[in-house]
Amino acid sequence: MESLWSKSVSLKKHNTLKDDIAVNTVVIGGGIAGLLIAYRLKEKGIKAIVIEAETICSGQTKNTTAKITSQHGVIYSKILSYYGENAAKEYARENEKAISDYEKLIKHNDIPCDFEQKKAVLYSVNNAEIIEKEADAAEKAGIECYVTNKTELPFSVKSALVFENQAQFHPLKFLSEIADDLEIYENTKAICVKNNTVITDKGNIKAENIVFACHFPFVNFPGLYFLKLNQERSYVVSAKQTKSLSGMYIDAEDGLSLRSYQNNILVGGGAHRTGKADRDNAFKFLERNAKMYFPEFIAENDWSAQDCISLDGIPYIGRLVSADSNVFVATGFNKWGMTSAMVSANMISDMICGNNAYENSIFSPSRFCVFASSKTIFQNAAETITGFSKYLCCAKLTASDIKCGTAGIIHYNGKKCGAYRCKGGTLYIVSLKCPHLKCFLNWNNTTKTWDCPCHGSRYDYKGNLLDNPAQKNSILIAKI
């Protein structure tokens, strides 16, 4: 399982931290948000370093669909309803600026990353009303857009909302150039933060400013991000096609995503809450759907991504908690990481430089609207309760019931455990208690992983940690 982007670019390796150091700003996380934040700070004369637990862009960044757009599904009608017109205008303004900033940065530095202007299209095959409502809200927010029922898609739509002058690119080609100008330490894992110091497994970093750009902030207190975020898994398949799309498309209701890259078409979707997979194989589901519209479609690449979802659908960008905090966060990008990363870089770099214009922003992590958030809070709480209560259920399988290539929940030495038998016949038995907050892990057969439905941590079948907020591996109980 490797993305189209990863297959075509090898990023340069960076050193590991070897000593205790002091800097103005340390950015935790070497994905697109972390790299852009450090880049913007360097432009403004601020010394910043990036630390990454593995290698840069090894997490969600390499698995994006790489749409650079202010068209984020059905978002403007939600913001208008919950926060008002000024908030919707700010959201639109910052995301439109992000598109322009990408273009300027790429042209100024002559970065060969296949940047292309494209229209972004939100469509519905059944519901014209949802499109018209979003169009009205987007226009009030200041977006130039229009509604049509004619598209280039190989199926008819009831209605479609078109944003012009959006863009797409190859994210790793772009970041390979950006990273060259930065001080980066790979294979340097942040353990905790104490008194303006980031404690890592390789040394301590004393910093005037600390930025969490590590997808899901791994600190539970303060901030309570484990209550303010959940995570969703989604999937992409790509194949070479003779037909190319002149736009980037997403379904307003089921989230089916389509875009072209050179002679490839990317089809994305199948999203579900992490730990709650509802299909045996999401890649086959997507390929079947793609064949309905592109009969010659045979998937050559498949990959999956994980996105942090905020309570109200708006990213958390700014100070981690209080107004005088020197700790910042960029998370909850809600599947729109490209523009959200640039918005984060612009806002956080300005705040570190003393610009207070964003202190009461719609992106502020301290915002709260009961009407926008209550439904999601209850859903998150219900998942957590379910996650704990599953320990009370009995496992009905034994080790001998687990066939090659399958997984199940078994009793082993008097404990409920997760078991997966690889194709070679070896059985891997792991603890089903997520090390983060002890929720019950579920199996995802598409990715062959044990996933936490409470907060989204993921582990391979050997118990190795793949996605945070957990900081530790799950326990490998036995290998037989």
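Arg-458 and Asp-451 form a salt bridge, with 3.6 Å between the closest N and O atoms; a salt bridge here is a side-chain nitrogen of Lys or Arg within 4 Å of a carboxyl oxygen of Asp or Glu. The model is predicted, so local features need pLDDT of at least 70 and side-chain atom pairs count only at pLDDT 80 or more, while totals for chains, interfaces and linings use all residues. Residues are numbered from 1 along each chain as its sequence is written, and side-chain values use heavy atoms, with hydrogens and water left out.

**The Arg-458 pair**

- Arg-458 is buried, at a relative accessible area of 4%; buried means under 20% relative accessible area, exposed means over 50%, and partly exposed lies in between (1.4 Å probe, protein chains only).
- Asp-451 is buried as well, with a relative accessible area of 1%.
- Arg-458 also has a bridge partner in E24, namely Asp-467.

**Other salt bridges**

- Side chains of opposite charge can pair when their charged atoms come close.
- The structure holds 18 salt bridges.
- One of them joins Asp-180 to Lys-12, with the closest N and O atoms 3.4 Å apart.
- This pair links distant parts of the chain, 168 residues apart: Asp-180 is in the loop between helix H6 (171-179) and strand E7 (183-185), and Lys-12 is in the loop between helix H1 (4-8) and strand E1 (21-28).
- Helices (H or I, at least four residues) and strands (E, at least two) are DSSP runs numbered from the N terminus.
- Asp-180 counts as partly exposed, at 44% relative accessibility.
- Asp-114 and Lys-173 meet through their side chains in a salt bridge of 2.9 Å, N to O.
- That pair also links distant parts of the chain, 59 residues apart, with Asp-114 in the loop between helix H4 (85-108) and strand E4 (116-124) and Lys-173 in helix H6.
- Asp-114 is partly exposed at 27% relative accessibility, and Lys-173 is partly exposed with a relative accessible area of 23%.
- A network of salt bridges links Arg-40, Glu-43, Lys-97 and Asp-101.

**Sheet E21-E22-E23-E24**

- An open sheet is formed by 4 strands in the order E21-E22-E23-E24, with antiparallel pairing; two strands pair if DSSP finds at least two bridges between them.
- Strand E21 (442-444) and strand E24 (465-467) stand at the edges with a single partner strand each, so one side of each has no neighbour in the sheet.
- From one strand to the next, the twist averages 35°; axes are lines fitted to C-alpha atoms, for helices over the stretch in contact, and angles run from 0 to 180 degrees between N-to-C directions.
- Strand E23 (residues 458-460) is joined to E24 by 2 bridges, and the two run antiparallel.

**Sheet E18-E19-E20-E25**

- A further open sheet has 4 strands in the order E18-E19-E20-E25, and the pairing is antiparallel.
- Its edge strands are E18 and strand E25 (476-479), each of which pairs on one side only.
- Neighbouring strands of this sheet are turned against each other by 25° on average, direction ignored.
- Strand E20 (residues 427-431) and E25 run antiparallel and are joined by 3 bridges.
- The bridge partner of Ile-429 in E25 is Ala-478.

**Ala-407 in strand E18**

- Ala-407 lies in strand E18 (residues 406-412).
- Ala-407 counts as partly exposed, at 25% relative accessibility.
- Beyond its neighbours within four places in sequence, Ala-407 is in contact (heavy atoms within 4.5 Å) with Ile-402, Ala-419, Tyr-420, Trp-443 and Trp-450.
- Ala-407 and Lys-7 are 400 residues apart along the chain, and their C-alpha atoms are separated by 29 Å.

- Asn-334 is not a glycine, yet has a positive phi of about 55°.
- Asn-334 sits in the loop between strand E17 (327-331) and helix H9 (337-352), and is buried with a relative accessible area of 10%.
- Lys-438, not a glycine either, has a positive phi of about 70°.
- Lys-438 is placed in the loop between E20 and E21, and is partly exposed with a relative accessible area of 46%.
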